[in-house]
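Okay, thanks for coming, everyone. Let me put the model up on the screen and we'll walk through a few spots together.

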Amino acid sequence: MGATFFDYNKDGLLDLYVLNNVDIHVLPANYRKKATDGSALSNDRLYKNNGNGTFTDVTLEAGITIEGYGLGLAISDLNYDGWPDIYVSNDYLTNDVIYINNQDGTFSNKIKEQVKHQSKFSMGNDISDFDNDGYLDILTLDMLGETNLRLKTTLSGHKYSEYILNERYDYEYQHTRNML
């Protein structure tokens, strides 16, 4: 779906992150066990630049293991430690992901700890200082209707069963809204 070049390991070479979404389920919004072991066809990929015109797939050893339906990708130093982190916005059931760089060639997903609200149908994202307070802000875009009537007639609401299933399958709660 998308890709970006960035130096995740600070060796001076541009590495490659590939954003994937593979429609492998009958309906990507159906609850199911979350794949967090890198085995999903819709798992993103990270390729390390070898410095000789070739790349090595380091996805699993880097900890890029959470399935998604990726539609947006941004690289930024979200925790201000001087290392590039990865924000992935995922559509449908799969949660957005914040891969924080552990500074040792690996990443850890910290979305639960760092974001209080997620968009359910994240179509894209951007990271910048939107309010000029000196801190980075994350914007995710949901697919919303153009008018209030369209918005109100297409919202599914928050059913009690969704809360139960989010808990059962370890998904964070999501809202059909743009998020900042």
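First, the housekeeping. This is a predicted model, so local features need pLDDT of at least 70 and side-chain atom pairs count only at pLDDT 80 or more, while totals for chains, interfaces and linings use all residues. Residues are numbered from 1 along each chain as its sequence is written, and side-chain values use heavy atoms, with hydrogens and water left out.

Okay, the sheet. We have an open sheet of 4 strands in the order β1-β2-β3-β4, paired antiparallel. At its edges stand β1 (2–6) and β4 (55–57), each with a single partner strand, so one side of each has no neighbour in the sheet. From one strand to the next, the twist averages 25°, with axes being lines fitted to C-alpha atoms and angles running from 0 to 180 degrees between N-to-C directions. Strands here are DSSP runs of E, at least two residues, and helices are runs of H or I, at least four, numbered from the N terminus. Two strands pair if DSSP finds at least two bridges between them.

Now β2, residues 15–19. With β1 it pairs in the antiparallel sense over 5 bridges; among the partners, Thr-4 goes with Tyr-17 and Gly-2 with Leu-19. On to β3 (residues 45–49): 3 bridges join that strand to β2, again antiparallel, and Leu-16 stands opposite Tyr-47.

So which way do the β2 residues point? Asp-15, Tyr-17 and Leu-19 go one way, Leu-16 and Val-18 the other, and all are buried. Buried means under 20% relative accessible area, exposed is over 50%, and partly exposed is in between, using a 1.4 Å probe and protein chains only.

A salt bridge needs a side-chain nitrogen of Lys or Arg within 4 Å of a carboxyl oxygen of Asp or Glu. What we do find is the backbone nitrogen of Tyr-8 at 3.2 Å from a polar atom of the Asp-15 side chain. Leaving out residues up to four places away in sequence, Asp-15 touches several others, including Phe-5, Tyr-47 and Phe-55; contact means heavy atoms within 4.5 Å.

Tyr-92 has phi near 65° and sits in the loop between β6 (85–90) and β7 (97–101). At 25% relative accessibility, Tyr-92 is partly exposed. Asn-132 has phi of about 55°, in the loop between β10 (124–128) and β11 (137–141). At 69%, Asn-132 counts as exposed.

Last, how many salt bridges does a search of the whole structure find? The answer is 2. Lys-112 pairs with Asp-170, closest N and O atoms 2.8 Å apart. Lys-112 is in helix α2 (residues 111–114) and Asp-170 in the loop between α4 (160–169) and β12 (174–175), so this pair ties together parts 58 residues apart in sequence. Glu-172 also bridges to Lys-112, at 4.0 Å. Those two residues are 60 apart, with Glu-172 in the loop between α4 and β12. Through shared partners, Lys-112, Asp-170 and Glu-172 form one network.

Key: A polar contact is a pair of N or O atoms within 3.5 Å; within protein, one must be able to donate a hydrogen and the other to accept it, and residues adjacent in sequence count only if both atoms are side-chain atoms.
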